[in-house]
Amino acid sequence: MTTSIQTNRRDIDQVRPFVAPDSLPRNLQKVLVDLIELHLQGKQAHWNVVGTNFRDLHLQLDSIVDTAREASDTIAERMRALDAVPDGRSDTVAGTTTVPPAPPAELSTTETVDMMATRLYAVVDTARTVHDEVDAADPATADLLHAIIDSLEKEAWMLKSENRKL
């Protein structure tokens, strides 16, 4: 006597990869260039900060840089998983970022805190601006944006607390 075993497997011909709408990689590209710019400006600030509490802020800027770099890698790799091509070339970043430019000079610790908090919130604003459209296209990708927003807002809170007065 032979017994047939039923499974819940789908036939391989029925399995189709997710096809992202064109808006999804376009929106992720906006976040990517801002994260790359944040990383670069964080290093610029790291190299040129001076003044009271220099060492702590110097190290804190490295944390921000690491967060931005990891987040940019996450976004770029998600784009590749969606068969999109991320563009992190310097001319693309410079030409499309929404992050305000950094001054090419030494900055006091107080000025650096204010400048970098502004840049963190600029990147968060980009992620929040594209969020709803990303979520409608692919909730899994929106989850990545949630994590990035959370990380950047935490960095901004910790940073801006340096200048807060009671």
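Predicted model: local features only at pLDDT ≥ 70, side-chain atom pairs only at ≥ 80, totals over all residues.
Residues are numbered from 1 along each chain as its sequence is written. Local features need pLDDT of at least 70 and side-chain atom pairs pLDDT 80 or more, whereas totals for chains, interfaces and linings use all residues, and side-chain values rest on heavy atoms, without hydrogens and water.

**Helix packing**

Helix H4 (residues 109-137) packs with helix H5 (residues 139-160) at an angle of about 165°, their axes being 9 Å apart. H4 is therefore roughly antiparallel to H5, a term for angles over 145 degrees. Helices here are DSSP runs (H or I, at least four residues). The H4–H5 crossing is left-handed, and the contact residues comprise 19 nonpolar, three polar and five charged.

**Salt bridges**

Five salt bridges occur in the structure, each defined as a side-chain nitrogen of Lys or Arg within 4 Å of a carboxyl oxygen of Asp or Glu. Three of them are tabulated below.

| Asp62 | Lys43 | 3.0 Å |

Because Asp62 lies in helix H2 (residues 54-81) and Lys43 in helix H1 (residues 23-48), their pair ties together parts 19 residues apart in sequence.

Burial is judged by relative accessible area (buried under 20%, exposed over 50%, partly exposed in between; 1.4 Å probe, protein chains only). Asp138 is buried at 8%, and Asp87 is buried at 18%. Arg78 is partly exposed at 23%, as is Asp62 at 24%.

Note on methods
Axes fitted to C-alpha atoms, helices over the stretch in contact; angles between N-to-C directions. Helix = DSSP H or I, 4+ residues; strand = E, 2+ residues; numbered from the N terminus. Parallel < 35°, antiparallel > 145°, perpendicular 65-115°, else oblique. Left-handed = near helix turned anticlockwise from the far one by under 90°. Nonpolar A, V, L, I, M, F, W, Y, C, P; charged D, E, K, R; others polar.
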